[in-house]
Amino acid sequence: MRKSMVEIIKETLNNIVKKNNKINVSKNIKTQGNSKLIKFSRNLDKNIHIFESCFGNSDDINFRHLEISTHPSIRASVVFLETLVDESLLESSVLTPLTQGLGGRSIEERTYLHAHIDSLIKRVLSNGNIVPIQDVSEAIDEVLSGKGILLIDKYPTAISMNISRGAVREYADPQTEKVVKGPQQGFVEDIDTNVSMIRKKIKSVNLVIKELKIGRESKSEIKVAYIDNIASPSIVAELFTRLKRIDVDGIVGSSIIEEYINDSPTNLFQTTFYTERPDRVQAMLLEGRIAILYDGSPFIIIVPAIVSDFFISSEDYYENPYFSNFSRFLGYLGAFMLTFLPSIYIAITTFHQEMIPTSLALTIAGARAGVPYPAFVEALLMEVSFEALRQAGTRLPTHVGQAVSIVGALIIGQAAVEAGLVSSTVVIVVAATAIFSFTLPYTNFSSSLRLARFFMMALAATLGIYGIMTGALLLALNLISLRSFGVPFMVPFAPLSLQDMKDWLARFPQWAITQRSPHIVHENINKKAKHLKPKPPNTEGRKEL
Amino acid sequence: MKRSSIILVLLLSTLLTTSCWSRREIDQLGFVMGLGISKTEEGLYSVVAQVANTDRIVADAPDPRAIYTIIKSEGLTVFDALRNLSMVAKRRLYIAHIKALVIDESIAKEGIGDVVSFLVQDMETRLETNVFISKIPPEDIFDTPNYLGVIPAVGLTTMADNYGANSKIYISDLHETIEAVNNPSRNYVTTLVEKMPPPSEEELPHLKLTQIAVFEDHSLKGYLDYEEGQGFNLITNNFTNGLITFQSAPDGDRIVIEVLESTTKITPSYENQKVSFHIELRLKGNVAERIPLHGRARELGIDLVQDELDQVLQDKLIRAIDTAQQKYEIDYFNLSKDFFRKYPKEFKELRDDWNQVFSNATITVDVESTVVHSALNLNKGRI
């Protein structure tokens, strides 16, 4: 409970700051449509409060208070987002010159500089890119883009200094969610880098980054990111409740956190989503979701999750809508085939031979001639060996993995058929199932379906299509009953939400998707202006001209 | 929670009620593709089944004769004979994929009602099975291998599906057969299948759908030739894309019209105890072919062709009607259906000797044809 104490103290501090200070100021800045300019005042504490009230919810805002050694000394403060700045640069180009730069100068000079702050800045500050700023909102934008702001007591101008971490950054390729056309940037193991990637994608004071420490011994660093005026406060509060009750010795990976915060911990399906793509996180934060970052994992947990998340690929938004829809429906087909194809094969070849077109029935029967096992055992044998092959392929080192796949292809594809152990039809069925399973990139959903498939196969072997229907019914009942942080998992199908289907079932053109889902977001539903559909220029007006 | 657990229990208990009922592996089945029914001299029913030899079908280059096997058995009834097949068959016979039902002419003359009734009761049969009549024993029809590697029963169905290309024959499926058999005032038609000698020495004999077989209720009465067959299809609205050939009067050219669309409207009327029908035929076609008799073709007037086509069609219809009314005295066009729709009460009185009423009915014919275009390149597209 110790880490939560830290958290509580921080929150109360923030609350006090909020209450004591001009909430009007922060409101004006937060609702950026209001273009009323706010200037910095001469009072350092006031200026600091302005920043505090704007970034109050985020834990990565940092104030470095210092005294400039003029005569007498001046109080000053550097404001920056610690996730975006280069600390050695901050030290060498700002902190050291300000605190120690005047050490060798005479008292007269230091007295002079006390009165003339402009000269002080010119003489002392060694940073390369210095911009004086009077306007508060401008200064906030600077902070959000990784600059540092120097506030000096009795001086109504803030100094923006370039101390951002710059482009020198290790980005990883997203390993599990590759796209053809689109950013090739993935999260890395370092949490601060990850936060800075998110910060760079959403430069808003409303993006809140909260810090937590979980693990009695491991003290794992966890950061929660959400957009303050979009995400539902009740879901945020619920998430923090669930995170804070994790009292364990250590957290090994981000998936461990998922297990502690799941709505239905014993269910086959997980109701949390994960991704390693910053663009995906950006899109989901803007939808009102909450991201959980774990130091040491490039996978970011996202809650609340819905079933469509597992079918959506970032690529959908980089291709034209027609093709995106096609590939998305391919994904739905993939999920269906992955779950039901082997069981349908078993059912129709052992119970409903009249359902197969005659010529196909004859071919299947011919191919199965001499196979000693019933269709169920045959399919099970192949499915299990394929799963084993897949596991071997992922576990083994790459060069051995290739050998495994050659052996697998030879044994499963050819030798088993030639030896008469299995029929060639079942090889096709298993191969098709495998290919369809690869259309679903998110393994925690597709692996649940892969397990459900075996259940379906058993039902099909004993009861035929009737069994499959019963199984499908049970599966549907289960999925519909799931909730993720109170949000129905099967949105937009159940409860039916046509508005949400525009983005989650199909992929409408961007200008057609104007609203956030009311199931996730409770206020601030409209996410863009209406009538954004591009139109040809008004030619009538042109004629008049 | 309580409700959902009740639903779960109910669902799961339904699972237990079935066990593995009717489970059978596909490779253990003998797929019956065709079924033939005939009678032996002793008066027993004999059933012959064409069973697909699935192992050979998937082979690389199957021998045409090896892809099927024919088994035969006898019994007191059709079902008895079929069950007796199990004493011969090496596999469990499965008749859900049956394509063709061939009935021997001798049985057809006695009436096919008793024979097909069993097939309806059997839950496995499909009603889309085509029904054929044969003058030779069904086993000879089925044992007609071809180099295409098609099982003869399947080949019969393909030919039946393509009837529209000629529209000279008409094939009923089992569904129509059963309707006609169970309805005393419905007369039945289907096609005759014959085995033709091979066209060349190396070739095998082949099957041909030759004539429409007409029935009085469900007993075979006779056959229609091609002209009457086309007339039959025109009147019953089954004429699809057949050809109509005639000689043009002015210069004796042979003209072939390919029919694109044909609709027939039948208007019955009942006045003064007299039944009459008016048949309106609207037909649309192309000039598909023209064989000039005297040298180069001259320009052809489209109105002339249309008039001639009208006349040809009218002759066809009248000939078909005359055959029905005078030669067979059977309403195999089933005009009774149209009459019943308009005069349901009157039909009840006339129902019992409807064929007699039909033979005496006045039937008038009105034909109007449209020739759409020449479909010929001669004369730069002009007819």
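This is a predicted model: local features need pLDDT of at least 70, side-chain atom pairs count only at pLDDT 80 or more; totals for chains, interfaces and linings use all residues.

Me: In what order do the strands of the open sheet of 4 strands in chain B stand, and what is the pairing?

Reply: Residues are numbered from 1 along each chain as its sequence is written, and chains are lettered from A and ligands numbered from 1 in the order in which they are written. Helices (H or I, at least four residues) and strands (E, at least two) are DSSP runs, numbered from the N terminus, and two strands pair if DSSP finds at least two bridges between them. In chain B the order is S10-S11-S12-S13, and the pairing is mixed. Strand S10 (243-247) and strand S13 (362-371) of chain B are the edge strands, each having a single partner strand, so one side of each is left without a neighbour in the sheet. Direction ignored, neighbouring strands of this sheet are turned by 35° against each other on average.

Me: How many bridges join S10(B) to S11(B), and which residue stands opposite B:Gln247?

Reply: S10(B) and strand S11 (residues 254-271) of chain B run antiparallel and are joined by 5 bridges.

Me: What is the order of the 5 strands in the open sheet of chain A?

Reply: The order is S6-S7-S9-S10-S8 in chain A, with antiparallel pairing. At the edges are strand S6 (207-214) and strand S8 (273-275) of chain A, each of which pairs on one side only, and the twist from one strand to the next averages 25°. Within this sheet, strand S7 (residues 220-227) of chain A and strand S9 (residues 290-294) of chain A are joined by 4 bridges and run antiparallel, with A:Ala225 opposite A:Ala291 in S9(A). Helix H8 (residues 191-201) of chain A lies across S6, S7, S9 and strand S10 (300-303) of chain A, and runs at about 5° to S7(A).

Me: Which domains does the assignment give for each chain, and how far apart are the centres?

Reply: Domain bounds come from an automatic or database domain assignment. For chain B the assignment gives domain 1 (24-224) and domain 2 (226-383), whose C-alpha centres lie 32 Å apart; the contact takes 17 residues from domain 1 of chain B and 21 residues from domain 2 of chain B. For chain A the assignment gives domain 1 (2-161), domain 2 (191-305) and domain 3 (321-488), and the C-alpha centres of domain 2 and domain 3 of chain A are 34 Å apart. In that pair, 14 residues of domain 2 of chain A are in contact with 13 residues of domain 3 of chain A.

Me: How many residues of each chain are in contact where chain A touches chain B?

Reply: There are 23 residues of chain A in contact with 20 residues of chain B. On the chain A side, the elements that give two or more residues are helix H12 (321-350), helix H13 (358-368), helix H17 (443-463) and helix H18 (465-481), and H13(A) gives the largest share, 9 residues.

Me: What confidence does the predictor give to chain B and to the complex?

Reply: pLDDT is the predictor's confidence in each residue, from 0 to 100. Chain B averages a pLDDT of 88, and 95% of the residues score at least 70, while the complex is given an ipTM of 0.83 and a pTM of 0.81.

Methods:
Two residues are in contact if their C-beta atoms, placed from the backbone, lie within 7 Å. Axes are lines fitted to C-alpha atoms, for helices over the stretch in contact, and angles run from 0 to 180 degrees between N-to-C directions.
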